[in-house]
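Please consult the sequence and coordinates shown here before reading on.

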Amino acid sequence: MRFGKKTAFAAIVAASAIALAGCGGGDVVSESPAGESGNDGEMYIALVSKGFQHQFWQAVKTGAEQKAEELGVRVTFEGPAAETEIAQQLDMLTTAINNNPDAIGYAALDPEACVAPLEQAKSKDIPVVYFDAPCNGDVGLSLAATDGKAAGALAAEHMAELIGGEGEVAIVGHSQINSTGVERRDGFVEKIEADYPDITIVDIQYGDGDHLKSADIAKSMIAAHPDLKGIYGTNEGSAIGVVNAVKELGLAKGELTIIGFDSGAAQVNAIKDGTMAGAITQDPIGIGARTVESAVAAANGETLDEFYDTGSYWYDADNIDDPKIAAVLYE
């Protein structure tokens, strides 16, 4: 199944507005006890995310748990320690399938590597829904995610405005494999190329969402392009890597326009202190809630929309305290 951005927006539950108090990444990568199964009479949904490395996934987990409590179902939520650990994620997916849940929610790190395991789920009549990023093939029934291309284009619009519509910019991406990295990059590139002929994208490199690797990439970009006006980081780790690079190089705040993606305390603080110009945030609590809602519907044999766009929003120092924006930020 192809998950095109063409169906109506889903109504996201009011849980999206609940603040995330005390939610940290930590070293916990699994909250799925061994031997889980859905045979105790209570509906059981197994969720396998891309990771626990970033606060985004803790926010998705919160939304999933809130919706599960509301619907009276049991969920487990797990993911690898880092979003580069594809083999570990596939092991978690295989374990989830073997536990015979009523439905599975899955966020694909590698859209090809997950095809075979999910065919196994299909053979066992376990319905599968996707969140954040789909797997290739025809197993998944729906996707709850941000429209990555639209979000990337929104980042490009603000970058263009902030640098005066001309100059050199670069991208520190987090993946050239999974769909979120590809779409956020392509949305930005296509918008710049279509509407801003005086802006040149001089470099695109990938730091796997790792702060240290992304910082090293950003420093090399700045050294190679002395006229560089801006850098766009396509996820939390990428953006904070750029922020750290600027600090390590001793550049003045605002000397380089930095636009990020996602939220988290580090990005919020960087925007408030003027190091980062702004960022695109998603609605991770809404993604988690919609995923559980879709999984329960799938387990009950109900019809689902192909794609549920949970939205993307620009935030900066001017609107960061707006209640509508605050509702989709997480620290």
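**Cavities**

The model is predicted. The largest cavity has a volume of about 90 Å³, and 13 residues line it. Nearest its centre lie Phe 56, Trp 57, Glu 83, Arg 184 and Asp 262. Two helices, helix 1 (55-71) and helix 5 (179-195), each supply at least two residues of this lining. By class, the lining of the largest cavity comprises six charged, five polar and two nonpolar residues.

The second largest cavity has a volume of about 70 Å³. It is lined by 12 residues, and those closest to its centre are Asp 132, Thr 146, Gly 148, Thr 180 and Glu 183. Strand 5 (143-145) and helix 5 are the elements that give two or more residues to this lining. Helix 5 provides the largest share, four residues. The lining of the second largest cavity divides into five polar, four charged and three nonpolar residues.

**Helix packing**

Two packed helices are described by the angle between their axes and the distance between the axes. The table gives these values for two pairs.

| Helix pair | Angle | Axis distance |
|---|---|---|
| Helix 7 (236-249) and helix 8 (265-272) | about 40° | 10 Å |
| Helix 1 and helix 9 (284-299) | roughly 45° | within 6 Å |

For the pair of helix 7 and helix 8, the angle of about 40° makes helix 7 oblique to helix 8. The crossing of helix 7 with helix 8 is left-handed. In this contact, Glu 236, Ala 239, Ile 240 and Val 243 of helix 7 meet Ala 266, Gln 267 and Ala 270 of helix 8. By class, the residues in the contact are five nonpolar, one polar and one charged.

For the pair of helix 1 and helix 9, the axes cross at roughly 45°, which makes helix 1 oblique to helix 9. Helix 1 and helix 9 form a right-handed crossing. Helix 1 contributes Phe 56, Ala 59, Val 60, Gly 63, Ala 64, Gln 66, Lys 67, Ala 68 and Leu 71 to the contact. From helix 9 come Pro 284, Ile 285, Ile 287, Gly 288, Ala 289, Val 292, Glu 293 and Val 296. The contact of helix 1 with helix 9 has 12 nonpolar, three polar and two charged residues.

Phe 56 links the two topics: this residue lies among those nearest the centre of the largest cavity, and Phe 56 also takes part in the contact of helix 1 with helix 9.

Terms used:
Residues are numbered from 1 along each chain as its sequence is written. This is a predicted model: local features need pLDDT of at least 70, side-chain atom pairs count only at pLDDT 80 or more; totals for chains, interfaces and linings use all residues. Side-chain values use heavy atoms; hydrogens and water are left out. On a 1 Å grid over the protein atoms alone, a cavity is a set of points where a 1.4 Å probe fits but cannot get out, and a pocket is an open set with protein on both sides within 12 Å along at least five of seven lines; lining residues have an atom within 4 Å of a point. Grid points are joined across faces, edges and corners, and a volume is the space filled by probe spheres set on the points. Ala, Val, Leu, Ile, Met, Phe, Trp, Tyr, Cys and Pro count as nonpolar, Asp, Glu, Lys and Arg as charged, and the others, Gly among them, as polar. Axes are lines fitted to C-alpha atoms, for helices over the stretch in contact, and angles run from 0 to 180 degrees between N-to-C directions. Angles under 35 degrees count as roughly parallel, over 145 as roughly antiparallel, 65 to 115 as roughly perpendicular and the rest as oblique. A crossing is left-handed if the near helix is turned anticlockwise from the far one by less than a right angle, and right-handed if clockwise. Contact means heavy atoms within 4.5 Å.
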